[in-house]
Amino acid sequence: MAHFEEVSNQSSRHPKPAGLVLQYGTAGFRTNAKQLDHIMFRMGLLATLRSKKTKATIGVMITASHNPEEDNGVKLIDPMGEMVTQTWEGYATQLANAEQQDLLTVLKDIIDKEAINVSQEAHVFLGKDTRSSSASLSQTVLDGVSALGGHCKDYGLVTTPQLHYMVCCQNTQGKYGDATLEGYYSKLCQAFIQLTKNASNRTDDQKHLSVDGANGIGALKVREMERHLKRELKISLFNDGTEGKLNHQCGADFVKVQQKPPTGVKINPGERCCSFDGDADRIVYYYTDSEGQFHLLDGDKIATLISTFLKELLIQAGLDLKIAVVQTAYANGSSTHYLEDTMKVIVRCTKTGVKHLHHAAQEFDIGVYFEANGHGTVLFSKAAEEKIQQLAENPNISDGKKRVALLLQNTINVINQTIGDAISDMLLIEAILAIKGMTVQQWDAIYADLPNRQLKVRVSDRRVIDTTDAERRAVSPPGMQETIDSLVKKYRQARSFVRPSGTEDVVRVYAEAETQESADALAHEVSLTVY
Ligand code: NG1
Ligand code: ZN
């Protein structure tokens, strides 16, 4: 077949280093950028096949998120803007690891297994972050797409969630919005401005927010968006990439893991600040108090704020919709208690990785999902959106209920439901704080986090650790969980678990306890049991 000759010719320009084995992990392929050229070519091929199979547009995003600038990565986006399915993650790994001479065989195997009509048209949307390696790697994806006769629209520099959004808009024929950056900014910002009309007398201080752009793509996109905000949100942007290094001593991951403010941000006591990560799909908030003490408001606090707001609106609207919060093992124990015992919302715990949270959230009318690190969004079922629309259009309801229905509609519109999105989450949080007339301190005071610590341990083979119960318990190596259990018993309000990372060659240790000293000591002791 003509295409295969072209694939064969082109692939010799993007050879695989013999013996190199990489795996499509939680966030796609991710490693040092120098090892990724052949991967990009092959993911261009695979995205084209996925498009032929689904008869829809598929996304390819080049980023390594919060990892260092020297790394890069790639992930595929399925038609509705969600992560690619598990079977295709498997194909991605097979294709990535095929030695040069076996590439066509593996490709044909996928085509046969999936009964793909190779002459079907294919469309791919491509995006990249600001890493220095991203430009040439994205050219290589283009080579892969064209080798199989696919069409590629290159969006250039975009955040990961922006590309997810474009793919969803394209495949829903514009029902979700226009598949353009202008369309994205105007949908989100118009909804934000409508929401803030429900906030009375906002002062300039309340409209002001400091944003740490992690020296990445999020900073560029915040700048692009600003004029759409019509001064309803005044952003002081720090770490905008003009001086500092991507993710270095800054960004959401740094702030969350180190539990301290990023460098490069001017923080005035009491003022709201937030940090994005390197591809702007995560956000965390924080402030320092008058004593200089740092306060972090992570994904758990964000999920609590959003679910409280939505639950109140549903009660006011008289809508009987089932709302749930989806978390992972990293969720602070205090947040889970607060949500279950005080808020009385359903809480689910899934494995780490947004695809797991996303799927669990889809089971409810409204599913709020957040990883503690600030990656998350809210999903509304079709039925929930319809009920809200019917209420908004009902001529017989009171003005009060009408206002609540419109609030819910604008809340839906400010949210990027395809994936966690720092920009969209920021607008939603800012709108909620404005509407509730709430300061960051009042938000923080909803519940007190249990002190916690996260550590990384380098081991020779992290795969020897196998877990169960949403990664909260280790089933191998034998005896390890029993040791962890006995260590946990030494401390009050303590919890700890270990799991192999899906994105780095490390084992992660998490511990929480009544005091920071206990959490630190427990994390340290548990890390010594990992070998
Ligand atoms: P791993 O490396 O599997 O722990 C990390 C994050 C995930 C998720 C992915 C993808 C933690 C503890 N883990 O996964 O939540 O965001 O990266 O970026 O934050
Ligand atoms: Zn990210």
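**View 1. Lysine 355 forms a salt bridge with glutamate 89.** The closest N and O atoms of the two side chains sit 2.7 Å apart. A salt bridge here is a side-chain nitrogen of Lys or Arg within 4 Å of a carboxyl oxygen of Asp or Glu. Before we go on: this is a predicted model, where local features need pLDDT of at least 70, side-chain atom pairs count only at pLDDT 80 or more, and totals for chains, interfaces and linings use all residues. Residues are numbered from 1 along each chain as its sequence is written, chains are lettered from A and ligands numbered from 1 in the order in which they are written, and side-chain values use heavy atoms, with hydrogens and water left out.

View 2. Six residues of domain 1 are in contact with seven of domain 3, contact meaning heavy atoms within 4.5 Å. Together the domains bury about 490 Å², 65% of it on carbon and sulfur atoms. On the domain 1 side, Thr26, Gly81 and Met83 lose the most area, together 65% of what that side buries. Buried area is the accessible area (1.4 Å probe) that two parts lose on being put together, summed over both. The salt bridge count between these domains is one.

**View 3. Four residues hold the zinc ion (ligand 2).** The donors are Ser65 (OG), Asp277 (OD), Asp279 (OD) and Asp281 (OD), at 2.0 to 2.1 Å. Donors are N, O and S atoms within 2.8 Å of the metal (3.2 Å for Na, K and Ca); water is not among the atoms, so sites may look incomplete. Why is the arrangement around the zinc ion (ligand 2) irregular? Because the four donor atoms subtend angles of 85 to 172 degrees. Serine 65 lies in the loop between β2 (57–62) and β3 (71–77), and aspartate 279 in the loop between β8 (273–276) and β9 (283–288), so the pair ties together parts 214 residues apart in sequence. Strands (E, at least two residues) and helices (H or I, at least four) are DSSP runs, numbered from the N terminus. Serine 65 counts as buried at 3% relative accessibility, and aspartate 279 is buried at 0%. Buried means under 20% relative accessible area, exposed over 50%, partly exposed in between (1.4 Å probe, protein chains only).

**View 4. Now for helix α12 (residues 333–342).** Its buried residues are Gly333, Ser334, Ser335, Thr336, Tyr338 and Leu339. They pack against α11 (299–317), β11 (323–328), β12 (346–350), β18 (495–500) and β19 (507–512). Just after α12, lysine 344 takes a positive phi of about 55 degrees.

Methods:
Tetrahedral: all angles 85-135°; square planar, octahedral: opposite > 155°, others 65-115°.
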